[in-house]
Amino acid sequence: MKADARILFLALLCVFGPATASAQWQPSEEVRTYSISGKTGAELYGSIGERGPEVGGGVRTIAHTTFRLTWQRKYEPRDGACVLASAKPKLVLIYTLPKPSTSLSPTVKASWDTFLDGVRKHEKVHGTIITEMVHDIEAMSVGFSAPDDPDCRKIRVELTKRLGQLSDKQRERGREFDRVEMGQGGNIQALILDFVNGP
């Protein structure tokens with residue numbers, strides 16, 4: 001369930017567009033599913049372990065949140081310096097969730113719905129953390145300047161460093177959230193136990 005916090009810096013820094021007035025934006029969402037099988041909670045959870053998305057090192061997880069992020073940016077030379085005059089993000093949050101391949105009995109379906117709702121809420125928090133990171137990038141970026149940079153080259157190098165710091169912060173927030181949620185007595189641990197031990 002760890003959020004994939006990889007930022008494609010080429011996309012962040014090299015997608016330019018016309019200057020736009022600062023405006024509120026909202027991320028869009030894309031939901032992907034992977035198929036699982038089973039007739040009981042234990043069987044369905046076992047299938048998740050076999051088919052869930054990989055998050056590195058062959059480790060599989062129940063669900064996953066990642067994103068696509070591009071920017072429309074306008075750099076302006078000003079008195080020998082370069083200023084980032086505007087930056088408009090386009091953020092797509094991508095959620096990957098399990099989906100049973102066949103219909104479930106009423107009791108198992110009720111248990112499944114409770115389990116999936118809890119998993120979805122968990123992933124939505126990762127989506128919120130990512131969205132807050134993009135807001136932080138936007139706030140830091142607009143008006144950012146580099147002296148003695150009339151060709152607007154140095155500013156990209158310095159901006160990449162700052163973006164890396166914000167990305168690291170977002171990844172750590174996601175990891176800490178997972179540690180709490182999946183630790184002893186955490187919400188995800190409780191969801192799993194109830195689901196596996198249910199009908």
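Helix α2 (residues 41-51) packs against helix α3 (residues 106-141) at an angle of about 45°, with the axes 11 Å apart. Axes here are lines fitted to C-alpha atoms, for helices over the stretch in contact, and angles run from 0 to 180 degrees between N-to-C directions. The angle makes α2 oblique to α3. The scheme is this: under 35 degrees is roughly parallel, over 145 roughly antiparallel, 65 to 115 roughly perpendicular, and the rest oblique. Leu 44, Tyr 45 and Ile 48 of α2 meet Val 108, Trp 112 and Phe 115 of α3; contact means heavy atoms within 4.5 Å. By class, this contact has six nonpolar, no polar and no charged residues. Nonpolar covers Ala, Val, Leu, Ile, Met, Phe, Trp, Tyr, Cys and Pro; charged covers Asp, Glu, Lys and Arg; the others, Gly among them, are polar.

The model is predicted: local features need pLDDT of at least 70, side-chain atom pairs count only at pLDDT 80 or more, and totals for chains, interfaces and linings use all residues. Residues are numbered from 1 along each chain as its sequence is written, and side-chain values use heavy atoms, with hydrogens and water left out.

Helix α2 also packs with helix α5 (residues 187-196). Their angle is about 130° and their axes are 7 Å apart. That makes α2 oblique to α5. Gly 41, Ala 42, Leu 44 and Tyr 45 of α2 make the contact with Ile 192, Phe 195 and Val 196 of α5. These residues divide into six nonpolar, one polar and no charged.

Now the whole chain. The protein has five helices and four strands. Helices (H or I, at least four residues) and strands (E, at least two) are DSSP runs, numbered from the N terminus. Along the sequence the pattern is α-β-α-β-β-α-β-α-α. Among contacts between residues at least 6 apart in sequence, 74% join residues at least 24 apart. The protein exposes about 10,700 Å², and carbon and sulfur atoms supply 54% of it. Areas come from the Shrake-Rupley method with a 1.4 Å probe; for residues, only the protein chains shown count as cover.

Of the 199 residues, 44% count as buried. Buried means under 20% relative accessible area, exposed over 50%, and partly exposed in between (1.4 Å probe, protein chains only). The largest nonpolar core has 22 residues, and Phe 67, Tyr 75, Leu 91, Val 134 and Ile 155 have the most contacts inside it. Such a core is a set of buried Ala, Val, Leu, Ile, Met, Phe, Trp, Tyr and Cys residues joined through side-chain atoms within 4.5 Å. β3 gives the most, with six. Another core, of 17 residues, lies apart from it; Ile 62, Ala 63, Leu 116 and Val 119 are among its members.

His 122 sits in helix α3. His 122 is buried, at 1% relative accessible area. His 122 and Ala 63 are 59 residues apart in sequence and 9.2 Å apart in space, C-alpha to C-alpha.

Most residues other than glycine have a negative phi. Asp 79, in the loop between β2 and β3, has a positive phi near 50°. Asp 79 counts as exposed, at 86% relative accessibility. Cys 152 lies in the loop between β4 (145-146) and α4, with a positive phi of about 55°. Cys 152 counts as buried, at 6% relative accessibility.
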